[in-house]
Amino acid sequence: MRQTLEAMWFEGILDCQVNGKEWRTSGTAASGESVVYTCEAEQKFSFGRVKVKKGSIQREGVHCTDLDRFLEELVLNHLKGAHVSAFIHELQETLAKDSQCRAALPLSIPAEDRHYDALESHMTDGHLYHPSYKSRLGFSLQDNLAYGPEFNADVALNWIAVRKELAQTAVSGGYTCEALLEQHLTGEDRQQFRQTLLAKTGSHDIGSYILIPVHPWQWEHALESIFARQLMDGDMVYLGAASCSYRAQQSIRSLSSRMNAKAPYIKLALSITNTSSTRILAQHTTQNAPLISDWLDQLVREDELLQQEQFAILKEIMGLSFRYEQLPAIQYGRAYGTLGAIWRENVSVHLNAGETAWPLNALMLVQRNGVPFVQEAIQRYGVQEWGEALVRTLTLPIVHLLYAHGIALETHAQNIILVLEKELPKRIIIKDLHDGVRYVPDQLLHPERAPKLHPEPETHRKFNRYSFIYADDVSEVRDYTYDAFFFICMTDIALSLEPFGLSEESFWQLCARVILDYQRQHPEYAERYDMFDLFAADALIEEMTKRRLYGDGELYFRKASNPLKRAKDMLEQKGESL
C-alpha cells in the first residue's frame, strides 16, 4: 500500500492534500460515497519522491491493513484505465508472493552468504519504487516456491535440440559455442542426450542440432504447446534435464551453476510478467548481446579513466534463439521471444584477491532482524567516508560514459555489482547489456567503432516500446541516465543512507561534486556537458505506474525537480562550484 500511494502521488494519478506531514487522498466506496485515506508522508529532496511512513495509513481515521479494500476504493472504483483490473491483480499477486517469501527469510544473512551469488537469493525487496515489485504473473505460489530466488531451491535446466537451420547463434570473440556448452554439460549429459535423440528421431547426428537450455517452468507452461508441431516433426527434440543444479538470481530467469563456480550465468526466456515487462528474450537481443559486449569491452579496455577506475562489464558472450521469422504468422505471435538464452560472464572471473562483490541493492536491504545489511561496513568507516567512496565509485564511470562516449546504460541497482575491499566501495561492474544501452549513433566518441546491430522487428515495439538502443535525440540518452541511475538507483541509496546520518542534501552534493570535478579535469568535453546536461532544472522520468494502469499506447514521462541542480546551487553558495 505504501509503494502504491508513493508512486501514484508522485505520478499525479491520485489527488493529494498536504497539511504538514499529514497527506490525504480521496477514494470511492462501493456505495459511491467519497472515502478519505490519510497517512504520514513527506516529499523528499530526491526528485520529489514521496515516502510514506510505515504503519501510518488510515481509512477514515482507522488504521488500514486491508489491501483489497484499499485497491477497490482508490483504484477500481476511482480510476479510469484500460488495465485497472490487471494492475489490481498484479498488486494482489505481489502481496501473496512477497508474504510467502518473507515468511522464509532468515533473521540475518549468514556470514557464509555475504558473497555475490548467494546474496542474489537474499535480495527480497524487489523494486523499491514500483508497486507491483513481485507480481510474477504466471507463477503459482508453488512455482514461486520452486523457482523464486528467495527460496534458494535447486533448479534443474531442461535442454532441447533445435535443427540448426531453425536456430540462430551469436558468440563473442575468443569463445566457441561448444566450449561454452561444456561448462554446463557433462560427458554423461551429452551421451544421454544422444541416446534420447536417437530414440525420438532415429538419428545419431546431434551435430545437426543446436542445444538450447530452457527454464523448467517455460517448458511446461509455454514451449511444449507453442512448438507442438516442431516437436512432432522432429525439428525440435526435448532432451530432458542435465545433471547440473542451479540457483536463481534475483531476476528469476538468470541462473548460476552450483557445480561450476566459474561457469557463465545463463539468462533464459521466461513468459511471466514481473514489474514492467514480460520476461521474454527477443531474437535480435540475443544476437546483439555478444556484439554489444565486445564493443563495450574494447571501449573500456582502451579508456584510460575507466581502466584507472577498474570499471568492468559482465560480457554477454553467447546468444541463442529460435528463428521465429520462419514460423507461420499465427504461431509467430505466440512463439516470439519464448525460446532463447544468453550466456553472461561469471562475476568471479573479474574479482581480485581480497575483493568481494555485492548486488548494489544490498545497500538498501534491511534484514528480518531490523539491521541494515550495510550497517557493519558503514560503522567501520563512518558514513561520511563510506558514502564518499560509494558515490565516487558509482558516479564517475557512469558520467564518463555519458560525457566522453555518449553512452547511457540501464544502471538501476539490480544491474550494478559493487566491488568492495575490506568492506569499502572500490569499483563497479555493470551487467544486462543486450537491451540496456542507449546512444545516438553519430554522437558517439567513435561512431565508426559501433557495432552493426540486428534490427528489431516491427512487431517488437508492440511487446515493449520502451526497449530500444538507438535514440533520436541526445536528451533521450541523458534521460536514460537520469531515470535508471539517478532517479531509481541513487535516490534509493540516498534514502537508505539517511538513517545513518548522511542527509539527502549532503548525498546529492557528493554526487554533484564528483560531476563538477570531472568537468574541471576534462575541459575537452565542454560541449558535451551542455549536450548531456545533468544540471538541468528538470529531469524527465518514466511514469511506470501509469504504464501499468493505462498500457503502452503512449509513452508516459513526467518532469521532476533535479536534485543535482539543487545540490550544485548549494555548492555554489559555499563557493565550491565552477
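Trainee: Why is Thr 38 called buried?

Mentor: This is a predicted model, and in it Thr 38 has a relative accessible area of 10%. Buried means under 20%, so Thr 38 qualifies.

Trainee: Okay, and where does Thr 38 sit, and which residues is Thr 38 in contact with?

Mentor: Thr 38 belongs to strand β3, residues 34-43. Leaving aside neighbours within four places in sequence, Thr 38 contacts Glu 22, Trp 23, Arg 24, Ser 56, Ile 57 and Gln 58. Contact here takes heavy atoms within 4.5 Å.

Trainee: What makes helix α1 largely enclosed by the rest of the structure?

Mentor: Count the buried residues: eight of the nine in α1 (residues 2-10) are buried, so the helix is largely enclosed. Those eight are Gln 3, Thr 4, Leu 5, Glu 6, Ala 7, Met 8, Trp 9 and Phe 10. Just after α1, by the way, Gly 12 has a positive phi of about 70 degrees.

Trainee: Moving on, why are α14 and α16 called roughly antiparallel?

Mentor: Look at the crossing angle. The axes of α14 (residues 383-405) and α16 (residues 474-497) come within 12 Å and cross at roughly 175 degrees. Anything over 145 counts as roughly antiparallel, so the pair gets that label.

Trainee: Which residues make the contact, and how do they divide into nonpolar, polar and charged?

Mentor: From α14 they include Trp 386, Leu 390, Leu 394 and Ile 398. The contact divides into 14 nonpolar residues, two polar and one charged.

Definitions and conventions:
Residues are numbered from 1 along each chain as its sequence is written. This is a predicted model: local features need pLDDT of at least 70, side-chain atom pairs count only at pLDDT 80 or more; totals for chains, interfaces and linings use all residues. Side-chain values use heavy atoms; hydrogens and water are left out. Axes are lines fitted to C-alpha atoms, for helices over the stretch in contact, and angles run from 0 to 180 degrees between N-to-C directions. Helices (H or I, at least four residues) and strands (E, at least two) are DSSP runs, numbered from the N terminus. Angles under 35 degrees count as roughly parallel, over 145 as roughly antiparallel, 65 to 115 as roughly perpendicular and the rest as oblique. Ala, Val, Leu, Ile, Met, Phe, Trp, Tyr, Cys and Pro count as nonpolar, Asp, Glu, Lys and Arg as charged, and the others, Gly among them, as polar. Buried means under 20% relative accessible area, exposed over 50%, partly exposed in between (1.4 Å probe, protein chains only).
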